[in-house]
Number of protein chains: 2
Amino acid sequence: MLTDRQLLIFQVIVDDFIQTAQPVGSRTLSKKEEISFSSATIRNEMADLEELGFIEKTHTSSGRIPSEKGYRYYVDHLLSPQKLNQHDIFKVKSIFAERIYELEKIVQRSAKILSELTNYTSIVLGPAVRDNKLKKIQIVPLNKETAIAIIITDTGHVENRMFHLPENIDAGDLEKVVNILNDRLAGAPIESLNNKLYKEVAVLLRQHINNYDFMLHSIADTIQISAYEKLFFGGKTNMLSQPEFHDIEKVKNLMNMIEQEKGIYDLIRKNKAGINIKIGRENNNSAMENCSLITASYSIGTEQLGTIAILGPTRMEYSRVISLLDYISADLSAVLSKLYQNG
Amino acid sequence: MLTDRQLLIFQVIVDDFIQTAQPVGSRTLSKKEEISFSSATIRNEMADLEELGFIEKTHTSSGRIPSEKGYRYYVDHLLSPQKLNQHDIFKVKSIFAERIYELEKIVQRSAKILSELTNYTSIVLGPAVRDNKLKKIQIVPLNKETAIAIIITDTGHVENRMFHLPENIDAGDLEKVVNILNDRLAGAPIESLNNKLYKEVAVLLRQHINNYDFMLHSIADTIQISAYEKLFFGGKTNMLSQPEFHDIEKVKNLMNMIEQEKGIYDLIRKNKAGINIKIGRENNNSAMENCSLITASYSIGTEQLGTIAILGPTRMEYSRVISLLDYISADLSAVLSKLYQNG
DNA sequence: ATTAGCACTCGTGAACAAAGAGTGCTAACA
DNA sequence: TGTTAGCACTCTTTGTTCACGAGTGCTAAT
C-alpha cells in the first residue's frame, strides 16, 4: 500500500492540478508548505506513484497529472468534505426564498444556482411522475373535433394533450367518460393507469359510450407522456471556460450529447440513492472522456424522486461539489417533503 | 452605380465565399466559367468594389471577402430565390406528417427540421398566447392548503400554476369562484384577463367569498405567466461546425446569448411580418458580430402568431435559407389555420 | 479599354536554436 | 539505509529566419 509520504505527495499533486490545470513537477511540490523534503525525494516517490498507476506524465519530461485511477483513489480515500461558506449557504437558501410551489420550478432553480456556485454544468432529473398518484383527469372540448385531456397528479404536476374526438359525441357523453375515469382512476399511481384503463375502465366505457375505443386510445396516449422525467440544465456553457475544452472537437462532442438529452438521461437515470461519482471513462461514453459526473438523489420522505448532478472536467473540485450536492439535495428533500408529504 | 461587370464579379465573389469561407482572389475568379476577362481586369474592378465598400481584404495582399454592406447589397439586389429540391420539400412536409394537434409541438418540430435542413441554428418564437381567447379556467385543490389553477385557451394551450388557498375555504366556495371566473372571462383574450379580473370579477367575488382578495391575486398571478412567448431552438451546436467559430471566445459569447434567451427574444420579437434579414452588426449585439439572423412570421388567418428564424454566420446561404423559411412559414400558417381557425 | 508583366506584401509552414521545466540516475551524505 | 545534491538528458515552448505561394497594385504594351 501507499506510505504516508506517498499519500501526502499524491494529495498535493491532485489538489494543485485541480486548481491550476497544469502538470505539477517535483520542484513546484518541494516549495509547498506541507512538504519538507527535497525535489529529488519527491521525484523518487513520484516514480513509484506512476508505477502504481495513480499519476501520469503528459510527455517524457513533464510534470505529473492524476490518472483516472488516481482520481478514483483520491475520491474514495483522501477526500475531506469541504465546509461550505456563508455565501454558498445563502445562495442555496435563496432557492427556496421565493414562495414557489411547483415542484418543477424549484428543481429548475436548483439547477441554475448549482451551476452558478460551481461554474460547472448542472443537470437535474425532474421528479419522476411515474410514482405520483392521479388527482384528477379532465377533458375540455375545444371544438367539434378536438378536445384536450388534462391530467393532474397529487404533487401538482399537470400534463396535457390534445386529441381528436370521435364523431357524434355529445357533451353529456364526455362528462360521463370523465366521471368514469375519475371514479376508477383517482388515487392510482400514474404508472398503473394504462393497465387499469384497459382492464377496468374499458368495460365501463363500452357500456355507456359509442365509439368508446377511439376515446380509450386517445386517453391512453395522453397518460403515456407522463412516464418520462424531464431534464433541466444550468450553465451549459460553463464547460467552455475550462481549459481542457479549448479544443473545439471536444466541445462539439460534449455539447451534442447535452443537446440530444438521451445520452445524459441514460447516464443520470441509473444511479443509486446518495452520492455517486463517475470519473472519465467510468461513464462509458466517449463524449465524457474528460468529464466526471457526480450525482445525488433527492426525495420526498423515503421515496426517491429525482436526481441532481454536476458535470465537470475530471479535474473537478470534487470536495466542493460533493459538499454542495449533499447540502442541496438534503435541503431540497426537506423542503419538498414539507410541501408535499401527506398533503 | 455598379456596372454590369462589377455586379457579376461581386456576385461571384459572394457566392464563392459563401461556399468556401476563403477570401477569393482575382486568379480564382478568372478561372470561373461565368467570367471571361483576365485577372488584371478583375483586380481593377475589385479595387473599385472595395472603394465602394462592398468587399474587403483580410490583409494587404489577400483575396477579397464581402463586407457587411456587401452582404446587404447582395441580399437586397442580387438574390435569386432558390428552388427547393424534392428532398427538402419532403422533409418539410414530414413536420406535419404525424397527427399532432398541439401547436407547440408542431412549432418545435419545425425548429428541428429547419436546423437539420440548413445546418444552422434555428429559433422559433412560439405562438403568442396573448391573443388567444380563454376557453376555460379550472381550479383543482390538492390538499387543504394548496390548489392548482389551470387555464385553457381556445388554441389548446394549457398553462397552470399552484397557489396557496386561503384558510377556511371549502369546496363549495371554490366551485363558486370557478363558475364566476368562467362565466365572466370565457372568450376574453388572455391579454385582457388581468384587467377584467380586477374590474368585473372582483366585485362578484367579494359578494360570494370570504377572503376573496387573496384568491384574486393568486389567480391574477397565474394568468400573467401566459404573457411570454416560449422560444424553441434546433441545432444549437451546428454553429460549432462553421469555420468562423473555431475561436472558442466567439463560441462562448454566442452560446451564452443563446442560453440566456433574453437577448434572442429581443432580437426576434420586434420583427415585422414577412421575411426580415439582419446582417452582422445590424443586429446591434456584440455576440452577433459574425452572424446573420433571418426571420419569418407565421400566422393563423391574418393574425400573426409567432416567428421562425435562422441564425447563421454572415457568410450564410441566404438564398437557400430564405426559400426554406418562406416555404416552411407558409406551410405552417396553412396547417395551423386549417387546424385552429374558427375551431 | 484590356491585359501581360513585374515588383512588392503578407501569411504559412518548415527548420532551427535557445531557454526552461522537468525527469532519471548516480554518487555523496547523515 | 534513506535522503539529497548534481548532472546529463528529454521534451515543450518560443522566437527567428527563410522560402514559397497567393495575392495585390501599377505600368506599359496591345
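**The interface of chain B and chain A**

Modeller: Between chain B and chain A, 13 residue pairs are in polar contact, with both residues at pLDDT 80 or more; such a contact is a pair of N or O atoms within 3.5 Å, one able to donate a hydrogen and the other to accept it. The model is predicted: local features need pLDDT of at least 70, side-chain atom pairs count only at pLDDT 80 or more, and totals for chains, interfaces and linings use all residues. Residues are numbered from 1 along each chain as its sequence is written, chains are lettered from A and ligands numbered from 1 in the order in which they are written, and side-chain values use heavy atoms, leaving out hydrogens and water.

On the side of chain B that touches chain A, β4 (134-141), β5 (146-153), β6 (158-164) and α10 (248-260) each supply at least two residues; helices (H or I, at least four residues) and strands (E, at least two) are DSSP runs, numbered from the N terminus. By class, that side has 16 nonpolar, 14 polar and nine charged residues. Here Ala, Val, Leu, Ile, Met, Phe, Trp, Tyr, Cys and Pro count as nonpolar, Asp, Glu, Lys and Arg as charged, and the others, Gly among them, as polar.

The contact (heavy atoms within 4.5 Å) takes 39 residues from chain B and 39 residues from chain A. About 3,400 Å² is buried between the chains, and carbon and sulfur atoms give 63% of that area; buried area is the accessible area (1.4 Å probe) that two parts lose on being put together, summed over both. In chain B, Y101(B), M162(B) and I248(B) lose the most area to chain A, together 18% of what that side buries.

Terms used
Polar contact = N/O pair within 3.5 Å; in protein donor to acceptor, adjacent residues only side chain to side chain.
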